Amino acid sequence: MFGKLKEKLLKTASKITEKIYNKGEAEEVKEEKPKIPLTSLFRTETKKEEIREPEIKKIESEKTEISKKVEEVKEIKKETTSEDEKKISFFDRFILTRTIKKALKKEIVILEEDIEDILEELEIELLESDVALEVVEKLIENIKKELVGRKISPNDNVEEITINAVKNAIKNILSQEKIDIEEIIKKNKAKGKPTVIVFVGINGTGKTTTIAKLAYKLKQKGYSVVIAAGDTFRAGAIEQLEQHAKNVGVRVIKHKQGADSAAVIYDAIQHAKARGIDVVLADTAGRQATNTNLMEEIKKVVRVTKPDLVIFVGDALTGNDAVYQAEEFNKAVNIDGIILTKIDADAKGGAALSIGYAIGKPILYLGVGQRYEDLIEFDADWMVKKLFGEEEFKFSTERQF
Ligand SMILES: Nc1nc2c(ncn2[C@@H]2O[C@H](COP(=O)(O)OP(=O)(O)OP(=O)(O)O)[C@@H](O)[C@H]2O)c(=O)[nH]1
């Protein structure tokens, strides 16, 4: 997940670190143990205080191993032409800056010109990774805000400063005002009303399966759920939804194919009210934002059914397209939040990084696989941890649908 994005961000932090070292005429500190366990950036984080004797030994031996590797890389570096230099992996470069503990000889102040070329490179790479332009610009601005004008003294931990600067810049992008779906459900329940959630998006992004996943999650939390078969447009859509509903054990309210989508959802809401069901999850037909008739239809659905939430479901793999589609749906029906699917297959991470900031709405959940339980709550801290390799996420390759 987000492998390429992760690499780019860490490479940037690493290069800024090197720049600061050069400017401050840093010298190697031979005796010092690494302040951050070497393993921490690529494996589960271990706090300094928690490192016990065997682990210290392990780290020491790892340190020796890596030092050897560093020497090898140094040798290769000495001999390489600039073309060859490109072949030294990022991992080697990063190890180089992180394992040779250095201290600045003199205090420095980071100037914009010190990091400009590195940030320009990052800008191009992020655009290539399908991160939206406005998001790239904001991110670069954030990193500059964090670093430019900052004094770094010989006692400072340069690696920590640069990594944290990039982390904060990312976190700022990802932090949209949250929506607590359970809170909304509880409030409506107290008033004796069902919570109505309408799902919108283009074809094939994963709306139907996401509805089934959310129904499964809500049921597990003890809420009663009914699904409205509002995709009356695509042949087979109702049957597909019924199969999912059967699998997760919830009821579907349906009309015939070709029926009025708003009427189906309206009926499902009446059904929920009559039986005291907590949540109505309404499927709608996938539609391109350019299809005027279908966009008028979705506007009618929202007008008639007055949902508590309209959720845009986007396919993370489509990168900038998902952002563009979300913008169009937001203009048409004012979406409240976003669910991004197929994150398990997404190396670029462009949509996940961009979509919330670009339209100013929160990502609520991420679809991370093809089982009903593969829907996880999104949270900026969680994503930052994933991007900086502090926490691994195990995807299941099992398929339930
Ligand atoms: N790997 C992966 N596949 C997913 C995920 N979510 C959905 N899919 C797959 O995406 C495909 C499309 O899912 P659907 O739920 O049918 O999409 P839809 O948006 O309802 O499609 P339309 O009815 O055409 O609008 C299916 O093959 C799903 O199994 C996910 O999080 N990860």
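## Helices α7 and α15

In this predicted model, helix α7 packs against helix α15, which spans residues 380-387. The angle between them is about 140°. Their axes lie 9 Å apart. Angles over 145 degrees would count as roughly antiparallel; α7 is therefore oblique to α15. The crossing of α7 and α15 is right-handed.

Which residues make the contact? From α7 come K167, I170, K171 and L174. From α15 come A380, M383, V384 and L387. Six residues of this contact are nonpolar and two are charged. No polar residue takes part in the contact of α7 with α15.

## Helices α1 and α7

Helix α7, residues 158-174, also packs against helix α1, residues 3-23. Here the angle is about 140°, and the axes are 9 Å apart. That angle makes α1 oblique to α7. α1 and α7 cross in a right-handed sense.

On the α1 side, the contact is made by L9, T12, A13, I16, T17, I20 and Y21. On the α7 side, it is made by V158, E159, T162, I163 and V166. How do these residues divide by class? Eight are nonpolar, three are polar and one is charged.

## Helices α11 and α12

Another packed pair is α11, residues 261-275, with α12, residues 292-305. These helices meet at an angle of about 25°. Their axes are 9 Å apart. Angles under 35 degrees count as roughly parallel, so α11 and α12 are roughly parallel to each other. The crossing of α11 and α12 is right-handed.

α11 brings S261, A262, I265, Y266 and I269 to the contact. α12 meets them with E297, K300, V301, V304 and T305. Six residues of the contact of α11 with α12 are nonpolar.

## The annotated span

One stretch carries a label from a record. An unreviewed UniProt entry annotates residues 362-375 as "domain: SRP54-type proteins GTP-binding". How much of residues 362-375 is helix, and how much strand? The span is 0% helix and 43% strand.

## Confidence

How confident is the predictor in the protein chain? The pLDDT of the protein chain averages 87. Of its residues, 82% score at least 70. For the complex, the predictor gives an ipTM of 0.97 and a pTM of 0.82.

Two stretches call for a separate word. Over residues 38-51, pLDDT stays under 50. The model has 20 contacts beyond four places in sequence for residues 38-51. Over residues 79-91, pLDDT also stays under 50. For residues 79-91, the model has seven contacts beyond four places in sequence.

Notes:
Residues numbered from 1 in each chain as written. Predicted model: local features only at pLDDT ≥ 70, side-chain atom pairs only at ≥ 80, totals over all residues. UniProt positions renumbered as here; feature names shortened; annotations may be inferred. Helix = DSSP H or I, 4+ residues; strand = E, 2+ residues; numbered from the N terminus. Axes fitted to C-alpha atoms, helices over the stretch in contact; angles between N-to-C directions. Parallel < 35°, antiparallel > 145°, perpendicular 65-115°, else oblique. Left-handed = near helix turned anticlockwise from the far one by under 90°. Contact = placed C-beta atoms within 7 Å. Nonpolar A, V, L, I, M, F, W, Y, C, P; charged D, E, K, R; others polar. pLDDT = per-residue confidence, 0-100.
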